[in-house]
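This report describes selected features of one protein chain. Please view the sequence and the structure together while reading.

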Amino acid sequence: MKQFLLLFTLLISAVSIQAQENLPTDYLSKEFHKGRREAFRNLMPANSVAVVFSYPERVFSKDVNYNYHQNPDMYYLTGYKEPDAVLLIFKELQGTADAYNEVLFVRERNASREIWTGTRLGIEGAKSKLGFTTVYNGKDFKDFAIDFKKFDKIIYDKTPTDLESNQSDFDLFGLLQSFKTKAGITRDDKTSLESFTNITNSLRQIKTPEEMDLMRKTVKLSCVAHNEVMKAVGPDMSENEAEGIHAYIHRKYGAEGEGYPPIVGVGANGCILHYGENNSTKMNNQLLLMDVGSEYHGYSADVTRTIPANGKFSEEQKAIYQLVYDAQEEVFKICKEGTPIQDLNTKSKEVIAAGLIKLGIIKDPKDVRIYYPHGCSHFLGLDVHDKGNYMGTLKENMILTVEPGIYIPANSKCDKKWWNIGVRIEDDIAIKKDSYENLSAESPRKWEDVEKMAAQKSTFNEMKFPKI
Ligand SMILES: [Mn+2]
């Protein structure tokens with residue numbers, strides 16, 4: 001038995017050593033996360049504590065979970081990527097002997113579980129890799145000596161209400177229960193939730209230089225993917241194959257995956273805003289709308305390109321495409337520090353309304369919302385629809401999308417020559433003092449340039465796979 005245990009231990013240490021090899025070298029540093037906690041603390045009111053939980057694990061089917069995705073706020077403030085964790089940030093130093101102003105409770109190491117689900121960071125890892133000094137296992141949270149009631153404010157985010165305990169009182173369900181019991185919370189306090197939202201909005205809407213590097217990378221490799229797909233698509237390709245090429249290129253360049261479920265739709269499908277089935281087996285001569293962005297070290301790109309599947313825009317497709325392009329160009333002109341964020345949407349609606357009237361598709365500018373029902377811009381970062389204050393003005397180092405669109409489904413009240421044309425062009429913009437930088441400029445937007453890119457030879461068309 002002893003020998004078995006020894007072998008078992010050796011096996012586990014071999015597994016954990018191996019798992020640490022050949023990791024990416026450009027993850028956010030522990031200094032970054034520490035700096036974000038400092039910035040968060042600076043915005044907290046006197047005598048307050050903030051409580052941040054990991055996101056729950058979610059079921060894909062029966063006993064199989066979705067790939068785990070951390071709560072972006074937890075990742076931003078700690079770099080911790082595992083479930084069942086809670087972070088406490090204190091405005092003032094706590095305790096006397098070993099005073100602390102932050103505590104992280106992590107998943108306990110567990111050799112037999114780690115064989116199944118991978119190496120856990122544990123207390124030591126959270127200290128050495130994430131730079132925390134005060135770290136405990138989740139199971140210690142319940143009895144952790146903290147009197148939440150002594151604080152003037154407890155700052156926390158909305159928590160999930162549909163969890164069931166799956167093992168013990170130190171999974172997320174248990175951590176939440178302990179928190180609410182210790183803090184005497186029976187109903188969420190609105191001002192606590194608002195404080196959390198306000199602080200994380202104001203931090204996450206401005207990107208630090210480290211975040212800017214990751215954003216450039218995720219947007220750039222998404223553009224490379226769009227360009228390769230433009231070259232590869234043809235009337236006989238399926239939506240799903242086009243999505244697969246995007247995914248392949250994202251991963252080839254180091255992305256973890258996609259920042260949101262990819263939208264790859266031809267013709268009528270391109271007119272469905274959050275189309276996700278991507279199951280049309282052929283594209284024929286329709287327009288292909290692709291809203292696909294990678295996630296790189298937590299940061300999401302959000303790029304949309306619309307291309308003719310056969311490589312050439314028809315006159316009607318071109319007219320709609322050009323109008324969307326013009327709207328985007330007009331919005332770019334006001335992308336600089338000081339512009340009210342709502343103006344981006346207003347400007348894009350104005351241009352598209354005037355254009356649709358000119359083409360005879362609508363008569364009343366108010367009807368623009370029939371064919372352009374969504375907003376023009378959102379913040380972009382750890383979330384594809386990132387946190388930020390939408391009622392404020394543009395500030396340096398914000399990153400937003402500019403994404404006007406026109407969608408004319410079949411049976412719309414206009415000439416049927418326009419039916420089933422759906423166009424969106426979406427770029428990711430970094431705001432500067434007097435201007436902007438288009439991070440997604442590498443993928444063509446002008447219709448002439450799109451046709452040129454589509455006419456290029458594709459590596460993917462040269463590849464030979466067995467017939468099945
Ligand atoms: Mn978007």
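## Burial and a salt bridge between strands

A residue is called buried when its relative accessible area is under 20%, and exposed when that area is over 50%. The structure discussed here is a predicted model. R305 has a relative accessible area of 1%, so it counts as buried. D427, at 0%, is buried as well.

The side chains of D427 and R305 meet in a salt bridge, with N and O 2.9 Å apart. This pair links distant parts of the chain: D427 belongs to strand β17 (residues 427-431), R305 belongs to strand β13 (residues 304-308), and 122 residues separate them.

## Further salt bridges

The whole structure contains 32 salt bridges. One of them joins the side chains of D236 and K282, at 3.7 Å from N to O. D236 lies in the loop between α8 and α9 (239-252), while K282 lies in the loop between β9 (263-266) and β10 (287-291), 46 residues apart. D236 is exposed because its relative accessible area is 61%, whereas K282, at 40%, counts as partly exposed.

K312 and E451 form another salt bridge, their closest N and O atoms being 3.4 Å apart. Here the loop between β13 and α10 (315-333), which holds K312, is linked to helix α13 (residues 447-455), which holds E451; the two residues are 139 places apart. Are the two partners buried or exposed? K312 is exposed, with 56% relative accessibility, and E451 is buried, with 12%.

Helix α7 comprises 15 residues, 190-204.

T208 is located in the loop between α7 and α8 (209-232). Its relative accessibility is 11%, and therefore T208 counts as buried. The side chain of T208 makes a polar contact of 3.2 Å with the side chain of E210. Apart from neighbours within four places in sequence, T208 is in contact with F32 and R36.

## A nonpolar surface patch

F60, V64 and Y66 make a nonpolar surface patch of about 330 Å². Y66 is found in the loop between β3 (64-65) and α3 (72-78). With 48% relative accessibility, Y66 counts as partly exposed.

Methods. Residues numbered from 1 in each chain as written. Predicted model: local features only at pLDDT ≥ 70, side-chain atom pairs only at ≥ 80, totals over all residues. Heavy atoms only, no water. Patch = residues over 30% accessible without salt bridge, like charges linked within 9 Å, V, L, I, M, F, W, Y side chains within 5 Å. Areas by Shrake-Rupley, 256 points an atom, 1.4 Å probe, with all protein chains shown as cover. Salt bridge = Lys/Arg side-chain N within 4 Å of Asp/Glu carboxyl O. Helix = DSSP H or I, 4+ residues; strand = E, 2+ residues; numbered from the N terminus. Buried < 20%, exposed > 50% of the residue type's maximum accessible area, 1.4 Å probe, protein only. Expected span 1.5 Å × (residues − 1). Polar contact = N/O pair within 3.5 Å; in protein donor to acceptor, adjacent residues only side chain to side chain. Contact = heavy atoms within 4.5 Å.
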